[in-house]
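Subject: Handing over a structure, with notes on what was found

Dear colleague,

I am passing on to you the structure that follows, together with an account of what was found in it.

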Amino acid sequence: MKHASCPLSRLLRIATLSALLGMPLAHAADDYSEITQLLRAGKAQEALVKADQRIAANPRDPQLRFLRGVAQADTGKQADAIATFTKLTEDYPELPEPYNNLAVLYANQNQLDKARAALEMAIRTNPSYATAHENLGDIYAKLAGQAYNKALQLDATQANSLRPKLALIRELFSADAKATASKVASSTRAPAPAPAPAAAPAPAATPAPAPAPAPAPAAAPPAASAAPAVATPAPAAPKAAAANSAEKDVAKAVHAWAAAWESQDMNGYLGAYAKNFRSQNQSSRAAWEKERRERIVGRAKITVGISDLRVHVDGDKAQARFRQQYSSGSMNVSSRKTLDMVNQGGHWSIVRESTGG
């Protein structure tokens, strides 16, 4: 799993950060932060006690229940953790993270078919959930290894063709485990973990959005090289004004995209995407457009709310990050969304979109 050769606690902590940033906040951030910090510090038993205390007062809170599942897994209570995540998938089927963590737990018990089914549900819920796609690839590789071993047992004459394949799979997971261990080790020490930089409250990679309340000069750093901007303040003003104008244009394009989605205006919705846009889970633009039409046209009333919109512009490229509140019929999903955009003939178009951390 992501990565199957690594300790379960490391895998679940990565998924926890993604889930916390993708779910709506129902209580003060401190309620979740304390439990998360205990988990990062390796104090899973204390985290479990805290989670149980909070859940007693808020029994349906999805974030608290998710954290309890992580703590249960970290303390070796895998059966309890499976029960917790299974119930979360029943109560909140729109959330992909519980499915992902179920898959991790099943994989650790060598129940690979169950792990595969859980990951397929995670991807069906959120086709842009990269972690689930990678984990599913690992599951397929492990299933392939089992099949090769079985074939070798049944027919030893095939050893020359089967053993190189088995060696490749062993090498894959061995290298994967070393790389992941390094990444996770740094993420558990730092408050802003490496696996999810885009979801951090104030990411270093996007200096412009953080000082949003400040006046126009705050928008200058992305377009200037720091020291020259201070030494020559006069030229900085036009740059800041241009950057501010571009950010507004990007924001308008994002809201127009959401409005077209809400009104089921497929021409406007599909027109918001660049011609070279390619969905992560579709082999062609035509297949993606067909899938989107089936999901949007004729649905019950659709609402797409956008909040906490932050835009960073770099020349003719831009990135918009925001919280998306989607509702249609009985489905109500809140998640983080990132749109990578490009200016094509004065029109900002989407070239890539991703959800979550």
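**The chain as a whole**

The protein chain has a secondary structure of 13 helices and 4 strands, and please keep in mind throughout that this is a predicted model. Of the 357 residues in the protein chain, 45% are buried. If we take the contacts between residues at least 6 apart in sequence, 57% of them join residues at least 24 apart.

In soluble globular proteins, nonpolar side chains tend to be buried together. Here the largest nonpolar core has 38 residues, and those with the most contacts inside it are Ile 35, Leu 39, Phe 85 and Ile 139. Two or more residues are given to this core by each of helix H2 (29–40), helix H3 (44–57), helix H4 (62–74), helix H5 (78–91), helix H6 (96–108), H7 and H8. Another core, of 29 residues, lies apart from it, and includes Tyr 273, Ile 296, Ala 320 and Ile 350.

**How some of the helices pack**

On the H3 side the contact is made by Ala 44, Ala 47, Leu 48, Ala 51, Asp 52, Arg 54 and Ile 55, which meet Leu 64, Arg 65, Arg 68, Ala 71, Gln 72 and Asp 74 in H4. By class, the residues of this contact of H3 with H4 divide into 7 nonpolar, 1 polar and 5 charged.

H4 also packs with H6, and here the axes come within 11 Å and cross at roughly 10 degrees, which makes H4 roughly parallel to H6. In this pair, Phe 66, Val 70 and Ala 73 in H4 meet Glu 97, Pro 98, Asn 101 and Leu 105 in H6. The contact of H4 with H6 is made up of 5 nonpolar residues, 1 polar and 1 charged.

The remaining pair is helix H7 (residues 112–125) with helix H8 (residues 130–154), whose axes come within 9 Å and cross at roughly 155 degrees. H7 is therefore roughly antiparallel to H8, and passes H8 in a left-handed crossing. The residues of H7 that meet H8 include Leu 112, Ala 115, Leu 119 and Ile 123, while those of H8 that meet H7 include Leu 136, Ile 139, Tyr 140 and Leu 143. In all, the contact of H7 with H8 has 10 nonpolar, 3 polar and 4 charged residues.

Also in helix H8 is Ala 141, which counts as buried because its relative accessibility is 13%. Ala 141 and Leu 168 are 27 residues apart in sequence, and their C-alpha atoms are 10.0 Å apart in space.

**Places in the loops**

Arg 60 lies in the loop between H3 and H4. Leaving aside neighbours within four places in sequence, Arg 60 is in contact with Arg 65, Asp 91 and Tyr 92. The C-alpha atoms of Arg 60 and Leu 88 are separated by 9.4 Å, although the two residues are 28 apart along the chain.

Asn 110, in the loop between H6 and H7, has a positive phi of about 65 degrees although it is not a glycine. Gln 264, in the loop between helix H11 (233–262) and helix H12 (266–271), likewise has a positive phi, near 60 degrees, and is a residue other than glycine. With a relative accessibility of 24%, Gln 264 counts as partly exposed.

**A residue in a strand**

Finally, Ser 349 has its place in strand E4 (residues 347–355), and at 4% relative accessibility it counts as buried. Apart from its neighbours within four places in sequence, Ser 349 is in contact with Ala 272, Tyr 273, Ala 274, Asp 340, Met 341, Val 342 and Gln 344. One of these, Tyr 273, is among the residues of the core of 29 residues.

With best wishes

How values were computed. Residues numbered from 1 in each chain as written. Predicted model: local features only at pLDDT ≥ 70, side-chain atom pairs only at ≥ 80, totals over all residues. Heavy atoms only, no water. Axes fitted to C-alpha atoms, helices over the stretch in contact; angles between N-to-C directions. Parallel < 35°, antiparallel > 145°, perpendicular 65-115°, else oblique. Left-handed = near helix turned anticlockwise from the far one by under 90°. Contact = heavy atoms within 4.5 Å. Nonpolar A, V, L, I, M, F, W, Y, C, P; charged D, E, K, R; others polar. Core = buried A, V, L, I, M, F, W, Y, C linked by side-chain atoms within 4.5 Å. Buried < 20%, exposed > 50% of the residue type's maximum accessible area, 1.4 Å probe, protein only.
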